[in-house]
Amino acid sequence: MELAQRAAARAVRRVLAGSTLPVALAAAGDASQGDRALVQELAYGTLRFLGQLRALLALLAERPPADASLEALLWVALYQLTHTAAPPHAVVDGAVNATVRLKKSSARGLTNAILRNFLRRRDDLLALAARDAAGRFSYQPWWIERVRAQYGARSADILDAGNARPPLTLRVNRRAIARDDYVAALSARGIVATTTGAAGVTLAAPCTVSALPGYAEGWFSVQDAGAQLAAPLLGVVDGMRVLDACAAPGGKTTHLAEIASLDLLALDVDGRRLERVAQNLARLKLSARLAAADAADPVAWWDGVAFDRILLDVPCTASGVVRRHPDGKWLRRDSDVDAFVAQQRRLLDALWPCLARGGRLLYTTCSIFAAENARQVDAFAARQPDASRAVLQFPAGIDSDDGQLLPAPAGAEHNHDGFFYALLQKK
Ligand SMILES: C[S@@+](CC[C@H](N)C(=O)[O-])C[C@H]1O[C@@H](n2cnc3c(N)ncnc32)[C@H](O)[C@@H]1O
């Protein structure tokens with residue numbers, strides 16, 4: 001236990017110093033193979049509820065621990081005591097033992113006292129920690145304010161939904177196997193799954209993806225049910241010339257290629273991320289032309305032949321996918337929103353001339369902030385006389401407010417992340 005607690009605490013500290021969680025976990029070191037899943041669970045969970053854990057520790061300690069390693073270790077242990085079924089004595093003993101490496105003799109006694117005090121006063125402390133918005137919702141104050149200003153009475157549910165554990169959802173590659181046949185293949189292995197949307201399969205419990213049937217054969221991709229809406233919304237048919245302007249790692253590129261036989265160009269400004277598009281296409285036995293290029297500079301990559309369809313999955317705050325990437329809640333700054341808005345605007349303006357008359361551009365983000373979404377596309381449509389927003393044909397049961405999908409509450413039939421979609425039609 002203590003090795004996992006220490007490694008998770010190190011990963012959390014790295015995130016707070018600016019690293020993404022996957023990078024922080026890779027660097028967190030010395031966890032054994034068996035502990036790796038536990039380290040991951042502890043680091044994700046601690047970041048999901050960091051606001052609450054900080055508030056609890058502030059109530060429990062007279063002043064913040066001088067040692068940042070000890071502080072992070074206490075957050076991890078408080079996460080376990082608050083949100084997991086781990087036996088409390090094992091959590092406390094593990095954390096106390098984990099302090100040995102901190103070379104501070106007082107850390108052992110302090111850890112023991114703080115955690116035991118929490119166990120004694122648990123209910124009172126949880127209520128006190130929830131008095132403050134950051135302690136109640138576990139987001140930065142600016143984020144909470146932005147959601148409140150935009151969503152009003154719905155904001156608490158939206159913030160809570162972003163703290164839920166996301167399901168593992170797959171998209172079945174219809175060129176390899178029918179969706180229901182894949183569900184039967186899972187069932188034959190004792191894996192319980194339900195279907196979602198046209199190609200989606202949601203597993204009842206998380207598992208190692210590469211161990212699922214048909215992984216090497218390219219029978220499926222991992223993709224949230226909300227992201228699986230993009231390719232069908234673009235309305236592609238065989239023979240179309242299609243641009244996926246911000247393609248890496250290729251979740252939507254591969255979906256487009258599964259749906260229709262296209263003349264498909266996938267761009268990404270990041271050459272290393274583009275390699276993942278190539279790998280995903282190869283595993284799924286699909287093809288597309290790839291180019292590492294700045295989509296906002298068509299002179300550098302465009303041959304001048306207009307596209308029938310453009311998918312513009314812009315870089316964004318990713319505020320809609322924090323249940324999968326809780327590090328985003330602590331890495332983003334309020335000022336990032338304006339920077340993303342400017343970048344998105346540049347991409348929209350530069351790509352519009354590449355779209356054929358009568359063609360369609362699907363603008364999408366995994367954000368819930370209006371500045372990146374409805375406000376962005378409405379401003380674009382207002383300054384482009386030949387652009388208008390077309391009606392989106394979402395599948396039955398998908399709840400969208402002007403293209404905005406919110407992270408689904410736990411237990412929802414369509415359990416998806418938060419996304420925004422707008423279909424722009426060229427007159
Ligand atoms: C939201 S992600 C795309 C996810 C991808 N569409 C998928 O479904 O797997 C945004 C991508 O845009 C890329 N990007 C950012 N600025 C870009 C630019 N100016 N030109 C092309 N790609 C860009 C990033 O490298 C990143 O891979």
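**Pocket, rings and core**

Q: Which residues lie nearest the centre of the second largest pocket, and how many residues line it?
A: The second largest pocket has 26 lining residues, and Arg 154, Asp 399, Gln 404, Leu 405 and Leu 406 are those nearest its centre. This is a predicted model, in which local features need pLDDT of at least 70 and side-chain atom pairs count only at pLDDT 80 or more, while totals for chains, interfaces and linings use all residues. Residues are numbered from 1 along each chain as its sequence is written, and side-chain values use heavy atoms, with hydrogens and water left out.

Q: What counts as a pocket here?
A: On a 1 Å grid over the protein atoms alone, where a 1.4 Å probe fits, a pocket is an open set of points with protein on both sides within 12 Å along at least five of seven lines, and lining residues have an atom within 4 Å of a point.

Q: What volume does the second largest pocket have?
A: Its volume is about 490 Å³, taken as the space filled by probe spheres set on the grid points, which are joined across faces, edges and corners.

Q: Changing topic, how many aromatic pairs are there?
A: The count comes to 12 aromatic pairs, where rings of Phe, Tyr and Trp (its six-membered ring) pair if their centres lie within 6.5 Å, and planes under 30 degrees apart count as stacked, over 60 as edge-to-face and the rest as tilted. One of these is the stacked pair of Phe 49 and Tyr 79, with 6.5 Å centre to centre and 15° between the planes.

Q: Where do Phe 49 and Tyr 79 sit in the chain?
A: Phe 49 is in the loop between α3 (33–48) and α4 (50–60), whereas Tyr 79 belongs to helix α5 (residues 68–83), so the pair links distant parts of the chain, 30 residues apart.

Q: Is that Tyr 79 buried or exposed?
A: Tyr 79 is buried, with a relative accessible area of 1%, and Phe 49 also counts as buried, at 19%; buried means under 20% relative accessible area, exposed over 50% and partly exposed in between (1.4 Å probe, protein chains only).

Q: And which residues form an aromatic cluster?
A: Tyr 139, Trp 142, Trp 143 and Phe 369 form one.

Q: Which residues have the most contacts inside the largest nonpolar core?
A: Leu 21, Leu 78 and Leu 115 do, in a core of 47 residues, where a nonpolar core is a set of buried Ala, Val, Leu, Ile, Met, Phe, Trp, Tyr and Cys residues joined through side-chain atoms within 4.5 Å. Helix α5 gives the most to this core, with 10 residues.

Q: What about the backbone, where is the cis peptide bond?
A: The bond from Ala 248 to Pro 249 is cis, with omega near 5°, and Pro 249 lies in the loop between β5 (241–244) and α13 (251–259).

Q: What is phi of Ser 138?
A: Phi of Ser 138 is near 65°, a positive value in a residue other than glycine, and Ser 138 is buried, with a relative accessible area of 1%.

Conventions. Helices (H or I, at least four residues) and strands (E, at least two) are DSSP runs, numbered from the N terminus.
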